[in-house]
Amino acid sequence: MRDAVVLVPAAGRGERLGPGAPKALRSLAGEPLLVHAVRRLVASQSVAQVVVAAPPQARDDVLHLLAPVIAPPALTVVPGGQTRQASVAAALAVVPDDIDIVLVHDAARALVPVELVDRVAAAVRAGHDAVIPVLPVVDTVKRVDAHGYVTGTVDRAPLRAVQTPQGFRHQVLRRAYHEVGESEQGQVTDDAGLVERLGIRVYTVPGSPHAMKITHPSDLQVAESLLTGVAG
Ligand code: C5P
């Protein structure tokens, strides 16, 4: 059922990847990260429309790059903002009122499996207001002070690492973004964090190692071997 709109924040500079094009336009196996991500999103039977928050100067490039995958009116490209939160807010602003399910997916998670997109959308469709994919934390986690000394070991059993796409009932995400003040900009690192502040319960579904976020140059190498593994 194609009943969801996906917002794709893709306006980050990606400074941790080193100098070069905006992160979403960096190449992975010959194609920009954004193209990989959007191709997977539109392969989901849940996705009706895609809104990309692009680097403001790259709007036409993004339309051109995505043309083989999706084109207007199913695709809308808006200029992104200074923070991820501002980019998502800009994309959310153009979602039609009659849409019930909104997913938010980082372009940097270029190899998201189609099944994961479907799983998140299905959980929202089943009645959850907010849904996030998570993985157990496998490393031991410690608190460290400003001088580099360990001050404690955290019980990792209840901890989860959070991925995207995150899924929301449209009106819930609207309210969350409406009620967050300018002063709070940048203090939450995911969209579910805003929804939690409203006192709304967030449901978790299993994430995927393939939905890893590409942040550092070595992540590009890991993603490339995942891609070869997937293709081969
Ligand atoms: O920087 P980080 O890896 O946390 O960014 C996550 C996602 O948010 C990326 O897809 C990036 O392009 C996007 N982003 C954005 N606008 C910003 C900063 C990041 O759309 N100003």
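## Cores, ligand site and salt bridges

Setting aside residues up to four places away in sequence, Leu103 touches Ala4, Val5, Val6, Leu7, Val117, Val120, Ala121, Pro165, Gln166 and Gly167, where contact means heavy atoms within 4.5 Å. The structure is a predicted model, in which local features need pLDDT of at least 70 and side-chain atom pairs count only at pLDDT 80 or more, whereas totals for chains, interfaces and linings use all residues. Residues are numbered from 1 along each chain as its sequence is written, and side-chain values use heavy atoms, with hydrogens and water left out.

**Nonpolar cores**

Leu103 also belongs to the largest nonpolar core, a group of 34 residues, and is one of the members that touch the most others, together with Val8, Leu34, Val50, Val52, Val62 and Leu66. At least two residues of this core come from each of strand 1 (4–9), helix 1 (33–43), strand 4 (47–54), helix 2 (59–66), strand 5 (75–79), strand 6 (101–104) and helix 4 (114–125), and helix 4 supplies the largest share, six residues. Buried stands for under 20% relative accessible area, exposed for over 50%, and partly exposed for the range in between (1.4 Å probe, protein chains only). Helices (H or I, at least four residues) and strands (E, at least two) are DSSP runs numbered from the N terminus.

Helix 1 is largely enclosed by the rest of the structure, because nine of its eleven residues are buried.

**The ligand site**

The ligand is surrounded by 15 residues, of which Pro9, Ala11, Gly12, Lys23 and Ser87 are the closest; a residue counts as near if one of its heavy atoms lies within 4 Å. Polar contacts (pairs of N or O atoms within 3.5 Å) involve backbone atoms of the protein: oxygen atoms of the ligand lie 2.9 Å from a polar backbone atom of Gly12, 3.2 Å from one of Ala107 and 3.3 Å from one of Ala108. Taken alone the ligand exposes 470 Å², and the protein buries 85% of that, with areas from the Shrake-Rupley method and a 1.4 Å probe.

**Salt bridges**

The structure holds ten salt bridges, each a side-chain nitrogen of Lys or Arg within 4 Å of a carboxyl oxygen of Asp or Glu. In one of them the side chains of Arg125 and Asp3 meet at 2.8 Å, N to O. Arg125 lies in helix 4 and Asp3 in the segment before strand 1, so this pair ties together parts that are 122 residues apart in sequence.

In another, the closest N and O atoms of Arg84 and Asp106 are 2.8 Å apart. Since Arg84 lies in helix 3 (residues 84–92) and Asp106 in the loop between strand 6 and helix 4, the pair ties together parts that are 22 residues apart in sequence. Asp106 also meets Arg109 in a salt bridge of 3.7 Å, N to O, and a network of salt bridges links Arg84, Asp106, Arg109 and Asp191. Asp191 is found in helix 6 (residues 191–197); leaving aside its neighbours within four places in sequence, Asp191 is in contact with Arg84, Val88, Val104, Gln166, Phe168, Leu173 and Tyr177.

| Residue | Relative accessible area | Class |
|---|---|---|
| Asp3 | 18% | buried |
| Arg84 | 25% | partly exposed |
| Asp106 | 10% | buried |
| Arg109 | 10% | buried |
| Arg125 | 31% | partly exposed |
| Asp191 | 1% | buried |

**Backbone geometry**

Most residues other than glycine have a negative phi, and most peptide bonds are trans. The peptide bond from Pro72 to Pro73 is cis, with omega near 10°, and Pro73 is placed in the loop between helix 2 and strand 5. The bond from Thr164 to Pro165 is likewise cis, with omega near 10°; Pro165, found in the loop between strand 10 (160–162) and strand 11 (166–169), is one of the residues that Leu103 touches. Ala29, a residue other than glycine, has a positive phi near 50°. Ala29 sits in the loop between strand 2 (27–28) and strand 3 (31–32) and counts as partly exposed, at 48% relative accessibility.

Definitions and conventions
Core = buried A, V, L, I, M, F, W, Y, C linked by side-chain atoms within 4.5 Å. Polar contact = N/O pair within 3.5 Å; in protein donor to acceptor, adjacent residues only side chain to side chain.
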